[in-house]
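Me: I have a model open and would like to talk through a few of its details with you. Could we start with the terms and then go on to the residues?

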Amino acid sequence: MSNECEFKSPSLSFGSTSVSVEPLEKDPQKVPFVAWYVGEKLFYRSDACHCFEELEFFAKRTAGYRLKDSAGKSSLQLLSPEHLAPVFLMWPHRRFNVRLTDATKPEVPMMDGSAIPFFCEMRKFCGAPEELVFFDAPVHAEWDLGSDAAVYGHVRITPAETFEVEYVLDRNTARDGYDLKSAASVSIYSPENLYQIFMARTFIHQVELERARAAGLLAGVDESCGLLLAAGDCAAQNSACSPKFRIANEPAMHKILDLIGDLSFICPALPRVRIEITNGGHVSHRQIMEKIIPYVNAGIFTQV
């Protein structure tokens with residue numbers, strides 16, 4: 001029996017992509033890591049997290065990274081790790097090889113738009129989740145999100161005893177073309193706290209989908225890849241518990257999953273901070289990462 005977990009589904013851009021996760025034998029004498037490969041080439045290893053800042057970040061409805069060659073030219077890309085990366089938080093003392101099979105389609109498959117398919121399959125190979133790993137990040141920062149003079153969101157970061165997030169989505173027809181209000185708060189202490197977040201699916205409103213398709217985006221996705229919202233699903237009085245939702249406040253909970261995924265791609269550990277964010281996305285998550293990166297180091301896993 002192979003010890004690799006294989007996942008295949010549409011991705012944002014392609015009708016079919018695949019990724020395999022190989023859990024290596026547990027060895028307390030070796031530093032844990034998550035090694036990401038694109039094709040046969042090593043893209044990034046979390047035990048060399050000082051190299052993370054060498055990756056060029058970009059966002060196009062997902063998180064993307066480019067690895068440059070010695071001449072400074074982009075040689076490899078890796079897209080959409082944000083639903084798979086947080087699963088490694090459940091086994092932070094293990095070593096994993098992650099391989100995106102086709103370098104011409106370097107996107108992690110969407111599966112059902114959540115982290116649950118990845119977690120459930122990997123649990124068969126890795127067993128019960130371990131105690132989570134945290135690190136101190138004494139960050140005090142806040143800033144507005146917007147374009148030019150238009151402010152549409154806000155971020156605030158403060159130190160905390162664990163990893164806490166309050167995420168608010170407040171979309172309106174005048175600005176976004178549709179209405180959606182959703183809010184969720186989480187405090188992460190244990191693997192059990194992560195499980196419900198893993199269930200939250202990515203979402204898109206019909207208005208947004210039509211706009212993206214007209215721009216030539218989202219060519220790979222279909223109805224199996226997440227949660228499609230229409231006008232009646234987003235009324236304020238119904239936004240917490242729509243019958244379409246898998247869990248309460250699923251849109252805001254999925255944004256928390258995206259944030260955790262973006263942060264844990266660096267390494268499978270969480271900062272002890274409280275993040276309050278309104279109308280965020282992968283770009284604002286990157287801004288948060290830049291505040292926290294100085295406190296991430298390869299010694300995190302030797303200190304526990």
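Reply: Happy to! Two strands count as paired if DSSP finds at least two bridges between them, while strands (E, at least two residues) and helices (H or I, at least four) are DSSP runs numbered from the N terminus. This is a predicted model, in which local features need pLDDT of at least 70 and side-chain atom pairs count only at pLDDT 80 or more, while totals for chains, interfaces and linings use all residues. Residues are numbered from 1 along each chain as its sequence is written, and side-chain values use heavy atoms, with hydrogens and water left out.

Me: Which residue in β13 stands opposite Phe-163?

Reply: Strand β12 (residues 163-171) runs antiparallel to strand β13 (residues 180-188), and nine bridges join them. Within β13, the residue facing Phe-163 is Ile-188.

Me: And in β16, what is the bridge partner of Glu-166?

Reply: β12 also pairs with strand β16 (residues 270-278), in the parallel sense and over five bridges. There, the bridge partner of Glu-166 is Glu-276.

Me: How many residues apart in sequence are the parts that Arg-274 and Glu-166 tie together?

Reply: Arg-274 and Glu-166 form a salt bridge (a side-chain nitrogen of Lys or Arg within 4 Å of a carboxyl oxygen of Asp or Glu), with their closest N and O atoms 2.8 Å apart. Because Arg-274 lies in strand β16 and Glu-166 in strand β12, the parts they tie together are separated in sequence by 108 residues.

Me: Which residues do salt bridges with shared partners join into one network?

Reply: One link is between Arg-156 and Glu-142, whose closest N and O atoms are 3.9 Å apart. Arg-156 lies in strand β11 (residues 150-159) and Glu-142 in strand β10 (residues 141-147), so this pair ties together parts 14 residues apart in sequence. Arg-274 and Glu-166 form another salt bridge, as we saw. The joined residues are Glu-142, Arg-156, Glu-164, Glu-166, Arg-274 and Glu-276.

Me: Is Gly-113 buried or exposed?

Reply: Gly-113 is found in the loop between β8 (95-100) and α1 (116-126). The cut-offs are under 20% relative accessible area for buried and over 50% for exposed, with partly exposed in between (1.4 Å probe, protein chains only). Since its relative accessibility is 0%, Gly-113 counts as buried.

Me: What separation do the C-alpha atoms of Gly-113 and Arg-201 have?

Reply: Leaving aside neighbours within four places in sequence, Gly-113 has contacts (heavy atoms within 4.5 Å) with residues including His-83, Cys-225, His-254 and Arg-201. Gly-113 and Arg-201 are 88 residues apart along the chain, yet their C-alpha atoms are separated by 4.7 Å.
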